[in-house]
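The sequence and the structure are shown first.

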Amino acid sequence: MQSHLFNPVDFRLILPEVQLSLFGLGILLTDFLLEPRYKYWNAVMAMLGVGFSGYTLWQLRRPIADQGDIYGFSGSLLVDPFFLFFGFLFLAATALVILLSVRYMEIEAEHHGEYYSLMLFATVGMMFMTAGIDLIVQFIGLETMAISFYILAGFLRDDRRSNEGALKYLLLGAFSSGILAYGFSIMYGMTGSTNLRVITAEFIRRAGSGMDLLVVLSVTTVAAGLFFKIAAVPFHQWAPDVYEGAPTTITAYISVASKTASFALLLRLFQTAFWPARPSWTLLLAGVAVASMTLGNLAAITQSNIKRLLAYSSISHVGYVLLGLVAAATGPQVNVTGLKAVAFYLFAYAFMNIGAFAIVIVLRRQGLIGDDLEDLNGLIQRSPSAAVLLLIFMLSLAGVPPTAGFVGKYYIFLSLIETGHYYLAIFAVLYIIPAVYYYFRIVAHAWMRESTDPVRPVISPAQALALTVTVFVSLVAGLYPEPFVRLASYSLFLPFTPVGR
Amino acid sequence: MDFFHNHILSVVLFTPLVGSLLALFIPRENENAHRVLGNVFGILGFLVSLPLIWWFNPSTKGFQLIENLDWIPSIGARYTLGIDGISFLLVMLTTLLGAISILSSWSAIQARVKEYYLLFLLLQTGMLGVFMSLDFFLFYVFWEVMLVPMYFLIGVWGSERRLYAAIKFFLYTLAGSVVMLLGILAVYFNYSKLTGGTYTFDIPTLLASVSQSSDAFRTWLFWGFFFAFAIKVPMFPFHTWLPDAHTEAPTAGSVILAGVLLKMGTYGFIRFSLPLMPQGVVARQRIVGVMVALSIISIIYGALVCMMQKDMKKLIAYSSVSHLGFCTLGLFALTPMGLSGSVIQQINHGISTGALFLIVGVLYERRHTRLISEFGGLSTPMPSFAAVYMIITLSSLGMPLLNGFIGEFTILRGVFEVNKTWAAWGVIGIILGAAYLLWLYQRVMFGPVTNPANEHLPDLNLREQATLVPLVLLALWIGVYPKPLFRYLDVPVRQIVERVNPGYYPAERATAPLESAPAGAPGAAPAAVLELDKHPTDSHPSPSPAEKE
């Protein structure tokens with residue numbers, strides 16, 4: 001971590017982000033030239049950007065394999081398998097949402113280039129959140145992502161629900177960013193550095209001298225700020241309203257990409273600076289996890305709007321992922337199973353949740369939003385393939401084998417039992433039951449109710465591609481999880497070993 | 001042929017799945033093609049399971065016809081199939097009842113035919129997988145996979161309250177199985193702790209490893225697994241899903257539910273719960289006490305509730321609670337007689353109750369009601385139906401020379417060795433069983449035809465005969481000459497009893513006269529047995545069920 005200035009070699013480390021930004025800016029420029037019926041070229045451009053960025057990211061795998069984790073920009077960026085894994089996850093989520101968006105935004109009559117460039121900017125933000133190991137980089141990444149999302153959530157300008165959701169998201173989001181920044185400032189105040197490696201070394205030194213109120217304060221404030229982003233109880237209130245109001249494509253995007261990115265940031269922080277203080281936060285995380293599972297699962301039972309229902313269910317999924325982190329942080333050594341569980345769960349969650357929202361998106365047509373449970377009635381007669389896909393996504397979200405969701409939950413339980421958290425395991429396991437109940441309410445509407453609506457949903461080729469990919473991952477990661485487990489093991493980010501030893 | 005021989009279990013397991021995949025490619029409008037396809041694969045599923053009769057060697061210890069492939073090496077889960085005598089009988093029962101219930105659906109299912117046969121075949125694969133899996137992970141996957149098609153069979157093709165019944169069935173069963181998942185993980189970690197980091201889900205290995213664990217751990221495990229199986233069986237007080245599910249399900253669904261699905265619970269008790277039982281006499285007795293009490297309550301309560309039913313299907317559903325109570329009573333007597341009787345009775349229950357549901361289905365297809373009061377004097381318009389129904393009723397209530405008698409007698413004989421009071425309760429259950437079944441028969445079949453709608457009901461047609469006659473023949477055969485079935489059970493039952501009730505065999509030799517030998521009886525165990533129990537590995541090595549050829 002020498003104090004040399006800009007090193008041109010470092011540039012390749014941020015090439016994926018640079019490419020995305022350039023394509024995002026390019027879309028803003030070319031959007032003016034396109035007639036309304038050619039607006040889909042914006043989506044093609046965005047997909048190209050994602051493709052190039054993905055290719056560059058894939059190329060980074062070599063240098064990492066050769067020289068291990070690469071630090072860049074005076075030690076403020078870290079390019080490691082963890083970053084590659086999450087970077088690909090963000091890009092995959094972005095690509096899927098772009099595929100789902102074209103027809104949807106045409107129906108909404110809000111098909112503008114800004115939509116796609118904002119998505120690319122949000123992806124850039126997420127990648128910096130994951131790659132940064134400097135508080136400033138992480139915070140800027142987070143804000144880039146969040147601001148893009150505030151705008152995207154309110155993209156349906158003529159829809160009051162969309163506006164309301166966006167405003168709520170903005171106000172509460174700004175507040176939580178403030179709390180997070182406050183936590184960061186305490187960390188800076190204690191250590192005199194924004195670099196996580198320096199901060200970690202200092203926190204390790206402090207951990208030797210017993211309970212430290214400042215450390216606890218910084219952990220709590222940072223956690224509170226991040227809990228908002230991942231929509232964990234008690235910072236979840238925005239989620240149902242934003243999910244309901246935002247365009248469904250953006251709902252899918254927020255629920256998956258924003259959440260995974262915030263988890264990546266959370267893992268980075270909790271496994272570096274806060275790692276030495278873990279006795280003081282495992283209980284906090286466990287409590288938040290149980291509260292999230294309880295509230296998410298119980299509140300979802302009574303919802304009649306699919307987007308709200310999935311919002312509450314995603315709160316409960318957050319609880320499961322947090323339990324994986326709790327297991328990882330139990331004991332003197334890091335529990336690798338717990339970290340694997342978190343990675344696998346987030347991976348599976350990204351695909352199955354986008355898939356579930358994709359069905360709602362497919363239902364959208366002129367004059368029907370398609371987000372009410374009643375809108376699903378008799379889907380099996382109108383579109384058997386959509387009904388079967390819906391069933392698979394619901395099984396996976398509920399955690400019934402042989403689906404990806406089951407293997408993810410299985411790993412969470414495994415890590416909990418391995419680390420002796422029997423009561424948490426019992427909680428986690430029993431909450432599958434209400435989950436199955438509400439997910440199968442959706443299935444029952446699609447499979448067992450008579451249809452009141454003769455119109456067959458039309459699936460565009462792009463949407464069909466997105467559905468194929470999501471269902472493929474949801475099923476294959478359940479039937480033959482081995483390659484995906486290996487991927488999760490590859491992506492592990494282990495806590496820093498004490499510097500100078 | 002070699003391939004077929006080496007992979008016979010996989011072939012039996014996946015034949016129905018192939019059928020359901022083929023069904024995907026036939027357009028839904030072509031309903032008869034789906035019916036033919038479903039039946040072809042139902043019967044084919046039974047036919048490919050027939051070679052098992054010759055290839056399975058009943059005198060070999062341990063599991064046979066094993067297939068073992070890598071599946072998820074990173075957690076140690078493998079694709080392992082294998083059967084012993086107990087699972088052999090249950091596999092045969094499943095393929096037979098599957099073929100029969102698919103045949104029985106020909107005219108009963110008129111809506112959404114494609115999905116029906118597709119899901120039914122999928123269900124077959126799920127159930128067979130449960131009986132064949134020798135890997136806990138695989139077992140759990142099949143155990144859950146099978147819930148989904150059953151949920152749809154009840155929820156889509158059921159009667160009025162089908163949505164409620166379907167989700168109730170799903171949630172109840174799921175509640176038990178997720179707790180079992182924790183139990184499985186506990187055994188899994190226990191093993192890796194013992195071996196220093198080797199992970200496996202191999203069922204025989206894991207069950208054998210438990211013998212080195214403390215009784216407290218084993219007691220916890222037992223109750224962890226208990227919920228999954230007790231709900232499935234179902235034992236009182238976990239039985240409330242069953243009347244709803246049975247009553248609302250279509251006929252074929254009820255047949256499979258009663259005939260096979262409930263057996264998964266008792267199978268689980270035999271395969272997992274018994275070997276997990278604690279070694280210490282006191283801890284074991286406590287468990288046996290609870291299990292026997294619940295079994296007896298199930299027997300008596302189920303029978304009494306039957307008396308009060310107005311709906312035929314509900315009556316037969318509650319009779320299942322009572323009959324399955326016999327099976328669990330026999331199991332937890334922990335004697336060879338009780339165990340083999342229990343397995344035989346499971347097969348019998350599949351045959352008799354399966355047939356009873358078919359019989360109700362026959363009436364329901366003609367009259368679209370299941371209320372007992374709607375019928376009466378049916379023996380006049382439907383003579384051959386009356387004959388079949390009579391034989392099945394007698395078989396179900398335990399008439400000598402029919403199958404039910406063999407099972408119940410053997411169970412009671414096994415229970416009697418241990419405790420005479422338990423056996424007495426069982427006998428009361430048999431008497432009550434005779435009462436409600438005969439009373440039902442009397443109300444439906446005898447007397448004058450009071451309801452004009454019943455006057456010209458057609459008798460059994462050829463297809464209905466084809467579904468019922470095989471079951472009647474089986475009932476007669478088992479009743480007259482059950483020895484072949486017992487031959488399959490001798491070896492596995494002995495292995496289990498040697499393990500869970502190590503005092504049984506030596507005590508039997510020491511004190512020959514039966515009256516004075518409540519051998520291995522909880523509470524009456526001689527001091528020598530107690531001593532053996534404390535040091536199972538010293539003088540009486542506990543046999544490892546891990547022997548796999």
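Glu108(A) and Arg364(A) are both buried, where buried stands for under 20% relative accessible area, exposed for over 50% and partly exposed for values in between (1.4 Å probe, protein chains only). The model is predicted: local features need pLDDT of at least 70, side-chain atom pairs count only at pLDDT 80 or more, and totals for chains, interfaces and linings use all residues. Residues are numbered from 1 along each chain as its sequence is written, chains are lettered from A in the order in which they are written, and side-chain values use heavy atoms, without hydrogens and water.

The side chains of Glu108(A) and Arg364(A) form a salt bridge, that is, a side-chain nitrogen of Lys or Arg within 4 Å of a carboxyl oxygen of Asp or Glu. Glu108(A) belongs to helix 4 (residues 81-108) of chain A, whereas Arg364(A) lies in the loop between helix 14 (336-363) and helix 15 (379-382), 256 residues apart. Helices are DSSP runs of H or I with at least four residues, numbered from the N terminus.

| Salt bridge | N to O distance |
|---|---|
| Glu108(A) and Arg364(A) | 2.8 Å |
| Arg161(A) and Glu244(A) | 2.7 Å |
| Arg308(A) and Glu244(A) | 2.5 Å |

Because Arg161(A) lies in helix 7 (residues 160-191) and Glu244(A) in helix 10 (residues 238-245) of chain A, their pair ties together parts 83 residues apart in sequence. Arg161(A) is partly exposed, at 27% relative accessible area, while Glu244(A) is buried, at 15%.

Glu244(A) also pairs with Arg308(A), a residue of helix 13 (residues 306-328) of chain A, 64 residues apart from Glu244(A). Arg308(A) is likewise buried. Through shared partners, salt bridges join Arg161(A), Lys168(A), Asp241(A), Glu244(A), Arg308(A) and Asp371(A) into one network. Over all chains, the whole structure holds 23 salt bridges.

Methods
Helices (H or I, at least four residues) and strands (E, at least two) are DSSP runs, numbered from the N terminus.
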